[in-house]
Structures are given as C-alpha cells and as structure tokens.
Amino acid sequence: MKRILPTIVLAQFACTSLWFAGNAVLPGLISQFHLEASALSHLTSAVQLGFILGTLVFAIFTISDRFSPSKVFLVCALLGAGFNVSLLWANGFPTLLLSRFLTGLCLAGIYPVGMKIAADYHQKGLGKALGFLVGALVLGTAFPHLLKALTQGLEWRFVIVATSVLAVLGGVGLFALVPDGPFRTRSQQPDFKAFFQIFRQPDFRSAAFGYFGHMWELYTFWAFVPVILTLYGNAHPQETLNNPLLSFLIIGIGAVACVIGGYLSGRIGSAKTAFGALAVSLGCCLLSPWVGQLPFALFLGVLLVWGFSVVMDSPQFSTLVAQNAPAQAKGTALTIVNSLGFALTIISIQVLRSLQAILEPRYWFLFLAIGPLVGLLAMHRLLKPKA
C-alpha cells in the first residue's frame with residue numbers, strides 16, 4: 001500500500017508532461033512553420049479542446065467507473081505519447097493543431113482518471129493525496145520548459161521525444177504497480193442521467209463553481225507566463241532573462257503549493273484552504289498592471305507567489321467535488337467538472353488573445369480576476385459549519 005500513492009504521483013507527472021510540450025518548443029515551431037504569435041493561444045486551446053471532448057466522452061459513457069481505471073490510464077498514456085510524438089511529422093499548422101488536439105483527447109484518460117484512482121484508495125486524507133497528485137500535474141506541466149532550458153543547444157524535437165518516452169514509462173508503471181483500489185464502486189452500465197443529476201446537490205454545485213472560477217485563471221496564466229517574461233524583458237533590456245527556466249520555476253512552484261495545501265487541508269479543511277489560495281491569486285490578478293514596472297527581484301517574487309497560489313486550491317476543489325459526489329458516480333463527477341472547467345480555459349485564453357489587440361499589455365491579465373472573484377462567491381456555502 002505504501003507504494004501506491006508515490007506510483008500514482010510519478011505516473012501523473014510523467015504523463016502530464018505531454019500537456020505543455022508544444023508550448024515549450026513554440027519558438028522552434030514558429031521558426032520552422034513560419035507561425036504567427038497567436039499560435040500560442042491556438043495550440044494551447046487545441047490541447048484543451050481535445051481534453052474537453054475526451055472528458056465529455058468519458059463522462060457520458062462513465063468509462064472510469066465501468067472499466068479498470070489503471071487499464072484506462074495505460075491505454076491513454078500510450079496513445080497520448082504517440083500523438084505527441086506525431087508532432088515530429090507535422091507538415092503545417094493544421095497538422096500541428098491536430099497533433100495537440102489528439103494529445104489533449106488522451107489526457108482526459110490521465111489527469112481525472114489518476115484522481116479517480118487516488119480517490120479509490122483514500123476515503124480519508126483525500127485532500128492530502130490529491131495535493132501530491134495535482135502537484136505532480138503541475139510539475140509535469142512545467143517540465144517541458146525545464147527540458148527546453150537544459151537542451152537549448154538541441155533541436156526542439158528532443159523535448160517532444162523525451163516527454164513521449166516519459167509518458168509511456170508512466171502509463172506502464174502505474175498499470176504494473178497499481179491495481180484497482182479497495183474503495184472503488186463499479187458502475188455496470190452507462191448512466192446518461194449522471195451528467196445532470198450530480199449538479200442537483202447544492203454542496204456539489206458550490207465546489208464545482210469554485211473550481212470553474214479557479215480554472216478561468218489557471219491555464220491562461222500558465223500559457224502566458226513566457227509572454228509575461230518576454231514583455232518584462234522587452235521593457236527592461238538591461239535584464240538578461242532565461243525564459244524557459246523562469247517559466248519552469250513560476251509554474252513548477254505550484255507543485256510545492258499543492259503539497260503544502262494538502263497538509264494544510266488536514267488542519268483547516270479543504271474549503272478554507274481553497275478559499276485562501278483563491279483570494280491570494282485574485283490579489284495577484286488585481287496587481288498585474290503594475291508588476292511589469294517592478295525591479296526584477298520583486299517582479300519575480302510576485303510571479304512566484306502567483307504561480308504558488310494559482311494552483312494551490314486545485315486539489316482541494318477536486319477533493320470537495322469527490323466528497324460531494326454520489327459514490328457510484330465519483331469518477332464521472334470528477335470528469336464532468338474537469339470537462340466544464342477546461343471549456344472555460346479555452347474561452348479565457350481566446351479572450352486574452354482578443355484583448356491583445358485593444359488593450360495595453362499591462363492590462364491584459366486584469367480580466368483573469370473574474371474567475372477567482374466568482375469562485376470565492378460560490379464557495380461561501382462550503383465555509384459554513386455543517387449542522
């Protein structure tokens with residue numbers, strides 16, 4: 001039993017490295033395929049769209065509740081690795097988008113299914129377990145940027161191949177070492193009503209809408225961290241910035257935040273932990289117009305705090321969703337909420353892309369505050385003591 005959570009965590013890290021692999025090598029893709037700057041938002045949205053479609057299919061057909069989650073994870077890891085490496089044979093922007101879309105489709109059987117596996121092993125201490133698990137997701141998401149920083153003398157293809165190999169190892173490792181959990185409740189057939197029924201519960205709705213507010217901010221911030229660094233570098237030419245390494249640090253610090261949040265949730269509860277983190281990230285959004293004017297040390301400090309707080313609440317929202325969902329539809333509930341949350345990320349990313357044409361860069365990220373604000377308002381019900 002002691003090996004279960006570390007194995008899930010390592011597998012989640014390995015497989016979610018596929019997520020931002022395209023973002024990390026974007027300069028190489030722009031150079032080779034003569035892409036416009038807007039390619040960042042489109043490639044990121046393609047992954048998100050694939051993830052959304054995949055999670056909808058998983059939710060409607062209750063796949064992670066009907067079939068062995070470890071087998072589902074393995075199949076999706078192998079397919080995801082294959083679609084990711086297909087980027088090497090892309091012959092234009094449409095095939096780049098297709099490769100990223102199909103990779104996102106497979107991630108639907110990795111991230112939420114990994115949480116489902118963890119929930120099947122942890123009736124108690126789920127917030128702490130998911131803290132480690134989402135921390136692995138964050139580190140996996142940031143890892144391609146680190147690979148890019150460490151391999152700047154090599155072609156962008158190395159990052160793609162390395163992340164695909166890592167995903168294969170993660171999928172095989174989890175399948176070999178993690179059987180179905182003792183608290184798994186298996187659904188025997190598709191439940192097409194589950195998609196609608198779970199939202200009838202008020203506490204579930206509060207957790208879900210808190211998560212939606214969090215997601216409005218999270219992936220847009222992550223996707224545009226290199227842009228924020230580039231803008232700062234252009235405004236302060238005296239500073240020499242290693243953008244891939246700094247991107248890794250700003251995104252990757254969220255892994256530490258998720259683990260700390262997991263322990264904190266054991267003391268004050270998941271709802272209070274998530275509420276506090278969401279409030280801090282709201283403050284960072286509101287400060288964003290002035291961040292680029294700060295000295296480098298303060299600029300980096302604010303971005304590290306933002307990277308820390310923006311995802312610290314994520315595992316706690318997943319915990320709240322799992323705790324307030326029907327036992328027989330836990331995997332489906334997690335998948336549905338993930339799907340809708342990621343749908344919001346596409347809207348958020350595309351809104352920011354549109355704002356670039358009409359606003360000064362310093363004001364671009366102010367609109368992200370909408371998400372945390374809505375999330376905080378939705379969560380008040382969960383903070384009230386239960387009778």
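Here is a short chat about a predicted model.

Colleague: How are H12 and H16 oriented relative to each other, roughly parallel or roughly antiparallel?

Modeller: Helix H12 covers residues 202-235 and helix H16 covers residues 314-323, and their axes come within 8 Å. Those axes cross at roughly 155°. Angles over 145 degrees count as roughly antiparallel, so for H12 and H16 the answer is roughly antiparallel.

Colleague: And which hand does the crossing of H12 and H16 have?

Modeller: We're still on the pair whose axes cross at roughly 155°. H12 passes H16 in a crossing that is left-handed.

Colleague: How many of the ten residues of H16 are buried?

Modeller: The buried ones in H16 include Pro315, Phe317, Leu320 and Val321. H16 is largely enclosed by the rest of the structure, because the buried count is nine of the ten.

Colleague: How far apart in space are Ser339 and Thr240?

Modeller: Along the sequence, Ser339 and Thr240 are 99 residues apart. In space, going C-alpha to C-alpha, the separation is 39 Å.

Colleague: What accessible area do Leu286, Ile358, Leu359, Tyr363 and Leu366 have together?

Modeller: Leu286 belongs to helix H14, residues 270-291. A patch residue needs over 30% relative accessible area, and Leu286 is partly exposed at 46%. With Ile358, Leu359, Tyr363 and Leu366, Leu286 forms a nonpolar surface patch, and together their accessible area is about 450 Å².

Methods: Residues numbered from 1 in each chain as written. Predicted model: local features only at pLDDT ≥ 70, side-chain atom pairs only at ≥ 80, totals over all residues. Heavy atoms only, no water. Patch = residues over 30% accessible without salt bridge, like charges linked within 9 Å, V, L, I, M, F, W, Y side chains within 5 Å. Areas by Shrake-Rupley, 256 points an atom, 1.4 Å probe, with all protein chains shown as cover. Salt bridge = Lys/Arg side-chain N within 4 Å of Asp/Glu carboxyl O. Helix = DSSP H or I, 4+ residues; strand = E, 2+ residues; numbered from the N terminus. Buried < 20%, exposed > 50% of the residue type's maximum accessible area, 1.4 Å probe, protein only. Axes fitted to C-alpha atoms, helices over the stretch in contact; angles between N-to-C directions. Parallel < 35°, antiparallel > 145°, perpendicular 65-115°, else oblique. Left-handed = near helix turned anticlockwise from the far one by under 90°.
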